[in-house]
Amino acid sequence: MLKIVVMVSGGGTNLQAIIDGVKDGKITNTEIAGVISNNRNAYALKRAEENKIPGLCISPKDYESREIFNEKLLEAVDGFAPDLIVLAGFLVVIPPEMTAKYKNRMINIHPSLIPSFCGKGFYGLKVHEAALERGVKVVGATVHFVDEGTDTGPIILQKAVEVQQGDTPEVLQRRVMEQAEWIILPRAIDLIANGKVRVEDHRTWIEE
């Protein structure tokens, strides 16, 4: 059984997709051990509570330095003894100690087809604003392992979504969530839970 910890800063729609995936059998062999947020008002923590999943808030605002926060964050994660960490809209820089400790055991969902519209400064609506500004016709989402860079780890799954005439960043964001993020994130977790993903030379290989 794969024990996962989901880390999220906001509403937790991807967390909900994972909770639903476990319930309806799309994600097998997996247990959500806990949810961690840096924002005590995050609706994600309410979702966790409603589903009887332990939830914690570890906020940088509660500690006098980033170093102490980083220590407490890693302690909180370790406390759940996870096999896999899932970053589902977690808008805090992951401490290098955590990246190293959980190498190839931490995944992230990013709302673009990496390497487009990714890296520093590209998160949330900013990704969709940039895509519309550039006039691309296809966007999408990517699930990747987390390494020391920003959105640079080995790619696990990607799914494309068409841009439509008259899209606003908000409308496009919603379509990318519905047609890509909520599909490929549960799928990636299920593949990992069943030992079907391996990493070699910064590339992933998936056994279907």
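In the protein chain, 62% of the contacts with a separation of 6 or more join residues 24 or more positions apart; contact means heavy atoms within 4.5 Å. This is a predicted model, where local features need pLDDT of at least 70, side-chain atom pairs count only at pLDDT 80 or more, and totals for chains, interfaces and linings use all residues. Residues are numbered from 1 along each chain as its sequence is written, and side-chain values use heavy atoms, leaving out hydrogens and water.

Biologist: How many residues of strand β5 are buried?

Modeller: Buried means under 20% relative accessible area (1.4 Å probe, protein chains only). Strands are DSSP runs of E, at least two residues, numbered from the N terminus. On one side of β5, M106, N108 and H110 are buried, and on the other I107 and I109 are too. Strand β5, residues 106-110, is therefore largely enclosed by the rest of the structure, the buried count being five of the five.

Biologist: Which residue stands opposite I107 in β5?

Modeller: Strands pair if DSSP finds at least two bridges between them. Strand β4 (residues 84-87) runs parallel to β5, joined by three bridges. Opposite I107 stands V86.

Notes: Buried < 20%, exposed > 50% of the residue type's maximum accessible area, 1.4 Å probe, protein only. Helix = DSSP H or I, 4+ residues; strand = E, 2+ residues; numbered from the N terminus.
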